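Hello,

Here is the structure I promised to pass on to you. Please open it alongside this email, and then read on for what I found in it.

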Amino acid sequence: MSVFLTTILTFFQSYGYPALWVSIFIAAVGVPLPVALVLLAAGAFAGLGDFNVFLLALVSITASVAGDTVGYLVGRKWGSRALDWLGRSRFGTRLFSPRAIVRSREEFNRRGGWAVFLTRFLVAALGGITNLIAGSELFPFRTFLACDIAGEVIGAVLPLSLGYAFGTSWEDVGDIFSQFSLLFLALLVAMLLFVRLLRYLRFARSIKRMEAARDIPATKSASRISPTHVSHLSHPSHAPHAPHAPHPSINPMIDPPTPSSGPLPGQ
Amino acid sequence: MTEKTVNTRAKLFGTGFLLCIAVGVTIFCGYQTYQAIQTFQKNHNLAVSGDVRTIRSWMTIPFIARVYHVPETYLYGALHINNAPSTRRDSLNTLAIHYNRPVNALIAQVQQVILAYRKQHPYHSSTLALRDRSPPTSRRMAE
């Protein structure tokens, strides 16, 4: 058991609900504390009658929502300024292109709700940083709050009920929790890479097709040119009469079609 | 071969390489999760059967008393710990610091005390162990 966990549990056992509220609030603001394990332990204590499980859930949800809101507001106040500065300054534009910052904002506005919701219970380690990003990306506060509360309800009820049900084995349940969280993260990354790989493959194929389309008319036209034509062409006086020499920029067969898949992946 | 093709091919190989690593990590995490589930099953069975090896430093004396079915007063007396309201919420870890004892030694002492109590009261321990399988609320009511 880590020193952090032992300290928080001792604090919780000595001071009860206020200690739990403070620990969860600090963790929700962004300090990496093993709060899921504390909730599992709290559930185990509640199972033996030391604490009220409903009160524990209420304390946990209010503390985490308050902490998340503070994280969001910090991100909104200073994070968005930092992002604006990054977009304008020479140092920032070297690190991230302004286009990338705009795109990340658009992307977060589109899918940020899911990120907020899932990081409350499934990948809790990324919760604090997600709050800061949500604030700095100027994600709508109402949507943030709705997703946050929905996620935190699951994030509080799940470990509390598991701790309540399995009592003394809460540490092992916590191990399963953290391992499953890592597994989910690894699976997500693998899926994203797989999708990206498919896109690249499709793009590579379209390039190959374009190159093939460029090569075929060129060889055809080359085969149509007879030796006499070649002799004509080789003579500078006959050059204007070169019959079938196609100009790449005006021949529709040679002009490469733009890929239907849109812009280059990863650009 | 155009520059675009070379660029795409490099990206393709890079992504493929990263995907291989990600798949490897996923398999490793899956195996770790499976092992964690197995450890949980083993330890939970031990805890349900009242095995004293499952005593941990975060447990308080009242918690141990209820889980392992030993009277609190007996535990406090055998461990020479003052049964005051202030120490009731102290974990074994805190008690060990308070009484200047190593935590592992205190845990071992608690284990010995529980085993000694079970030897002295074989019938009482076995009936309580059977009751342990009932839900906590009914268990509390029965006590």
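**Two helices in chain B**

Let me start with a pair of helices in chain B: helix α3 (residues 72-79) and helix α5 (residues 103-120) pack at an angle of about 125 degrees, with their axes 10 Å apart. Axes here are lines fitted to C-alpha atoms, for helices over the stretch in contact, and angles run from 0 to 180 degrees between N-to-C directions. Helices (H or I, at least four residues) and strands (E, at least two) are DSSP runs, numbered from the N terminus. α3(B) and α5(B) are therefore oblique to each other; angles under 35 degrees count as roughly parallel, over 145 as roughly antiparallel, 65 to 115 as roughly perpendicular, and the rest as oblique. The crossing of α3(B) with α5(B) is right-handed. A crossing gets that name if the near helix is turned clockwise from the far one by less than a right angle, and is left-handed if anticlockwise.

Which residues make this contact? On α3(B) they are B:Tyr74, B:Leu75, B:Ala78 and B:Leu79, and on α5(B) they are B:Gln109, B:Val110, B:Val113 and B:Tyr117. Two residues are in contact if their C-beta atoms, placed from the backbone, lie within 7 Å. By class, the contact of α3(B) with α5(B) has 7 nonpolar residues, 1 polar and no charged. Ala, Val, Leu, Ile, Met, Phe, Trp, Tyr, Cys and Pro count as nonpolar, Asp, Glu, Lys and Arg as charged, and the others, Gly among them, as polar.

A word on the source: this is a predicted model, in which local features need pLDDT of at least 70 and side-chain atom pairs count only at pLDDT 80 or more, while totals for chains, interfaces and linings use all residues. Residues are numbered from 1 along each chain as its sequence is written, and chains are lettered from A and ligands numbered from 1 in the order in which they are written.

**The two chains**

Chain B has 7 helices and 0 strands, and 23% of its 143 residues are buried. A residue is buried if 20 or more other C-beta atoms lie within 10 Å of its own, exposed if 12 or fewer, and partly exposed in between, with C-beta atoms placed from the backbone. Chain A has 10 helices and 0 strands, and 33% of its 267 residues are buried.

**Inside chain A**

Helix α6 (residues 98-118) and helix α8 (residues 141-166) of chain A pack at an angle of about 30 degrees, with their axes 8 Å apart. That is why α6(A) and α8(A) are roughly parallel to each other. Their crossing is right-handed. From α6(A), A:Gly113, A:Val116 and A:Phe117 take part, and their partners in α8(A) include A:Phe144 and A:Cys147.

Is helix α7 (residues 127-136) of chain A enclosed or open? It is largely enclosed by the rest of the structure, because 9 of its 10 residues are buried. Among them are A:Leu132, A:Ile133 and A:Ala134. After α7(A) comes A:Leu138, with a positive phi near 55 degrees.

**Where the chains meet**

Chain A brings 36 residues to the contact and chain B brings 38. On the chain A side, α1 (3-15), α3 (35-47) and α9 (170-224) each supply at least two residues. The largest share of that side, 21 residues, comes from α9(A). The chain A side divides into 22 nonpolar, 11 polar and 3 charged residues.

Enjoy exploring!
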